[in-house]
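Notes follow in the order in which I checked them.

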Protein chains: 2
Amino acid sequence: MARAATTSDAFNAVAEPRRREILNYLALAERPVGDIVAGLGLEQPSVSKHLRVLRDVGLVRVRRNGRHMLYRTNAEAIRPLHDWTKTFERFWGHQLSRIKERAEAGSKEPDKE
Amino acid sequence: MARAATTSDAFNAVAEPRRREILNYLALAERPVGDIVAGLGLEQPSVSKHLRVLRDVGLVRVRRNGRHMLYRTNAEAIRPLHDWTKTFERFWGHQLSRIKERAEAGSKEPDKE
DNA sequence: TTGACATATTCCCATATAGGTATATATATT
DNA sequence: AATATATATACCTATATGGGAATATGTCAA
């Protein structure tokens, strides 16, 4: 098998750096494709294709305005990523005691040095 | 061009669901490969290969103990993901107070909508 | 040393890319 | 209707993938 499709979920979709840039760019306000092209210095077809992926996974929303397609970031779709990363927050934010960590892990490996 | 390598950064590495499972599994305590194989029900070579990717991007650390290789999640490497998703936090309206939010972010920006 | 155990690597393969170029579709303007 | 503008799609290609199977490497035990 090959890699999972970029459209399979938000994790795969945001793995591409340009798509993250686009999401950043569209976070504060909706913008037409041409603005993204100019703002990020990408080829127009490339932007359209990235937007297609982002749209398929719900990371952006679109509405038509004349001949312009206005895209904006749907922050809600980023939440699963945030939630997942958040589960590791405890390991760098406030450090948990090793004893409690070990107890929660239920490891059978000796925790020796 | 093809997609960026899974080993190019943490974003690409965690796009694979199994790798996220492995990171979850290794978050609380270091474990040998065999535990992951049994715990997650994956093929051994598959686990080794996933660990190789995770290791290449610094998402896991290893040490040898006899014939066992003990892996553990390096939560610090997940931080960039968390940081990026965090920039969208304000758009979905969590329960954290804006004051605390600003303090944690260390932001100098006005906290406007 | 030989054998068992634990993990890593290699090889094969079907597949989905991302970029570039060209073209198609849709809407507005005249 | 004809044309310009805005965006989307089709086509091509090199490439890295993840799974499976087989094998290699490394370590301990007898």
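Which residue of chain A comes closest to the rotation axis? I looked it up in what is a predicted model. The residue is His82(A), with its C-alpha at 3.0 Å from the axis.

Next I checked the axis itself. I find that chain A can be laid on chain B by a turn of 180° and a shift of 0.0 Å along the axis, with an RMSD of 0.1 Å. The two copies are therefore related as by a two-fold rotation axis. I also note that the same surface serves both copies, since 78% of the contact residues of chain A recur in chain B.

I then turned to a helix pair in chain A. The axes of α2(A), residues 17–25, and α3(A), residues 33–40, come within 11 Å and cross at roughly 115°. I recorded the crossing as right-handed. On the α2(A) side the contact is made by Glu21(A), Ile22(A) and Tyr25(A), and on the α3(A) side by Asp35(A), Ile36(A), Gly39(A) and Leu40(A). By class, I have four nonpolar residues, one polar and two charged in this contact.

Last, I looked at the core. The largest nonpolar core has 53 residues, and Leu59(A) and Leu59(B) are those with the most contacts inside it. I followed up the copy in chain B. Leaving out residues up to four places away in sequence, Leu59(B) touches Ala10(B), Ala13(B), Val14(B), Leu23(B), Leu54(B), Arg72(B), Thr73(B), Asn74(B), Ala77(B) and Ile78(B).

Notes. Residues are numbered from 1 along each chain as its sequence is written. Chains are lettered from A and ligands numbered from 1 in the order in which they are written. This is a predicted model: local features need pLDDT of at least 70, side-chain atom pairs count only at pLDDT 80 or more; totals for chains, interfaces and linings use all residues. Side-chain values use heavy atoms; hydrogens and water are left out. A nonpolar core is a set of buried Ala, Val, Leu, Ile, Met, Phe, Trp, Tyr and Cys residues joined through side-chain atoms within 4.5 Å. Buried means under 20% relative accessible area, exposed over 50%, partly exposed in between (1.4 Å probe, protein chains only). Contact means heavy atoms within 4.5 Å. Axes are lines fitted to C-alpha atoms, for helices over the stretch in contact, and angles run from 0 to 180 degrees between N-to-C directions. Helices (H or I, at least four residues) and strands (E, at least two) are DSSP runs, numbered from the N terminus. A crossing is left-handed if the near helix is turned anticlockwise from the far one by less than a right angle, and right-handed if clockwise. Ala, Val, Leu, Ile, Met, Phe, Trp, Tyr, Cys and Pro count as nonpolar, Asp, Glu, Lys and Arg as charged, and the others, Gly among them, as polar. Copies are superposed by least squares on the C-alpha atoms of residues with pLDDT of at least 70 in both.
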